[in-house]
Amino acid sequence: MENALYARHLETLLHRYRVALEEFKLDAIVVASGSLSYYFQDDNSHPFKAFSFAQQWLPFQLPANCFIVFKRDKPELIWPGKQDFWHMANAIPEGEWQHHWQITPVNDDTWQRSLPKRSAFIGPVVSERFQHHEELFTWLTYDRAVKTSYEISCLERASQIAVLGHNAAEQAFKQGACELDVHLAYLAATKQDASDTPYPNIVGINEHAAVLHYEKKSVERCIRPLTLLVDAGASYTGYASDITRTTTVLDDDFSALVKDMDTLQQQLVGQSLAGNSFVELHYQTLAGVAKLLKKHDICKLSVEEQLAKHIPQYFFPHGLGHLLGLQVHDLGGKQHSRKGETVASPKDSPYLRLTRPLLENMVITIEPGLYFIPMLLDKMRAEQPQHGCSLSKIEALLPYGGIRIEDNVVVGVETPRNLTREAFAQSN
């Protein structure tokens, strides 16, 4: 079944690239996986991640120095065959996928001589001849937003792996682990090294949960643990999951706020339908945050007054979500045509990453949040003297940091599919 999904996925890619050949009057398209890069003045390389447009073609993690060559018929995989005694050789993976490919192991770049004159290249620049074709890249980016059944199955598996880590992280936290040990429990459960995760794990206890991209891992055990925010995913054949959960210890005002945020989040997931505006969903989120601020006596202003004064943005400064796929923030979120026309984020929500209307089989994140960030609270007091917020209530909630709940969702026509909640249900 998996091979059948991959075969249909490959046919979809072949069709997209044939259309691109016609549009740009080309005879071949070459896509590079990329090469190793190195730390400045060092012979130690950065962790390698293949260029996503190359990775999209193959059902395994691509190594450096691979090339995909497409000339209308069976695609060709140029495989690095050069060996040295410092590193393990890249063996060509076995499997039925090979039936769909011409595989050419190479030791040098002589294969480039057989390329047609009208060839275009996308990917990291590797020579004067291979310069990135930006217009072709933009054209191909547009269709990547809609996932094939094979891609959705990979994203499903990435969610299942990540959920194992989230369950282990929560258990470690409740046993008193420090941030580093929570992080290590996550990696052990998902069988990933830190360099294998699709992005650096965010593991914040208490006030660290208010740092949106908190990447440090404290080795000190917290004297009075209140909350844990884990934003972490997993990779499967290059496809990423991106899941956030907020765990509380006490049954108090903050835990009630978390429960209400979970309810809001699930309502937003239910609106992840083809034809709906993601920008409008984001505005629904701002209204939802305003309702929570009023319900929990954080702000006495009406929802309408809060929205007029942009009060929710001081507590929820980021966007509702983004496209998800081979990249955590997948490409094309603001691109409204193959030729590259874009629609910018609203001025009052500059960090919103997705402005395209939702289409069936897009995969998106839905991740509302509510944070107590000192910098933004100071800004609110300076910019909105009549903010209507209870500073004493905010002061009591500052040690908890904040809340984010994030699921990975397949956009549907009548109902969306929540890959994250499915994975959590299966893990119980």
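This is a predicted model: local features need pLDDT of at least 70, side-chain atom pairs count only at pLDDT 80 or more; totals for chains, interfaces and linings use all residues.

Q: Is C299 buried or exposed? And C389, buried or exposed?

A: C299 is buried, at 1% relative accessibility. C389 is buried too, with a relative accessible area of 9%. Buried means under 20% relative accessible area, exposed over 50%, and partly exposed in between (1.4 Å probe, protein chains only).

Q: Switching to rings. How many aromatic pairs are there?

A: The whole-structure search gives 18. Rings of Phe, Tyr and Trp (its six-membered ring) pair if their centres lie within 6.5 Å; planes under 30 degrees apart count as stacked, over 60 as edge-to-face and the rest as tilted. One of the pairs is F60 with W79, edge-to-face, with 6.1 Å centre to centre and 65° between the planes.

Q: Which parts does the F60 and W79 pair tie together?

A: F60 is in the loop between α2 (52-55) and β2 (67-70), and W79 is in strand β3 (residues 76-80), so the pair links parts that are 19 residues apart in sequence. Both residues, F60 and W79, are buried. Helices (H or I, at least four residues) and strands (E, at least two) are DSSP runs, numbered from the N terminus.

Q: What about the rings of F67 and F130?

A: Their centres are 6.1 Å apart and their planes at 40°, so that pair is tilted. F67 belongs to strand β2 and F130 to the loop between β5 (119-122) and α3 (134-144), so the pair joins parts 63 residues apart in sequence. F67 and F130 are buried.

Q: What does Q112 contact, beyond its neighbours within four places in sequence?

A: R129 and F130. Contact means heavy atoms within 4.5 Å. Q112 is in the loop between β4 (102-106) and β5, and is buried at 14% relative accessibility.

Q: Which residues make up an aromatic cluster?

A: Y17, W57, F70 and W101 form one.

Q: Where does the charged end of R144 sit?

A: Over the ring of F53, 4.5 Å from its centre. R338 lies over the face of W139, at 6.0 Å from the ring centre. The test is NZ of Lys or CZ of Arg within 6 Å of the ring centre and within 35 degrees of the ring normal.

Q: Now backbone. What is phi for K191?

A: About 55°, positive although K191 is not a glycine. Most residues other than glycine have a negative phi. K191 sits in the loop between α5 (179-190) and β6 (202-205), and is exposed at 76% relative accessibility.

Q: And phi of T237?

A: Near 45°, again positive in a residue other than glycine. T237 is in the loop between β8 (235-236) and β9 (239-240). T237 is buried, at 13% relative accessibility.

Q: On to the sheet. What order do the three strands of the open sheet have?

A: The order is β6-β7-β10, with antiparallel pairing. β6 and β10 (243-248) are at the edges with a single partner strand each, so one side of each has no neighbour in the sheet. Neighbouring strands are turned by 10° against each other on average, direction ignored.

Q: How many bridges pair β6 with β7?

A: Four, between β6 and strand β7 (residues 227-232), in the antiparallel sense. Two strands pair if DSSP finds at least two bridges between them. I202 stands opposite D231 in β7.

Q: Which strands does helix α4 lie across?

A: Helix α4 (residues 149-174) lies across β6, β7 and β10, at about 20° to β10. α5 lies across β6 and β7, at about 140° to β6. Axes are lines fitted to C-alpha atoms, for helices over the stretch in contact, and angles run from 0 to 180 degrees between N-to-C directions.

Q: Last one. How many residues of α3 are buried?

A: Nine of its eleven, so to speak mostly covered. Among them are W139 and R144. The cover includes α1 (2-24), β1 (28-32), α2 and β5.

Technical notes: Residues are numbered from 1 along each chain as its sequence is written. Side-chain values use heavy atoms; hydrogens and water are left out.
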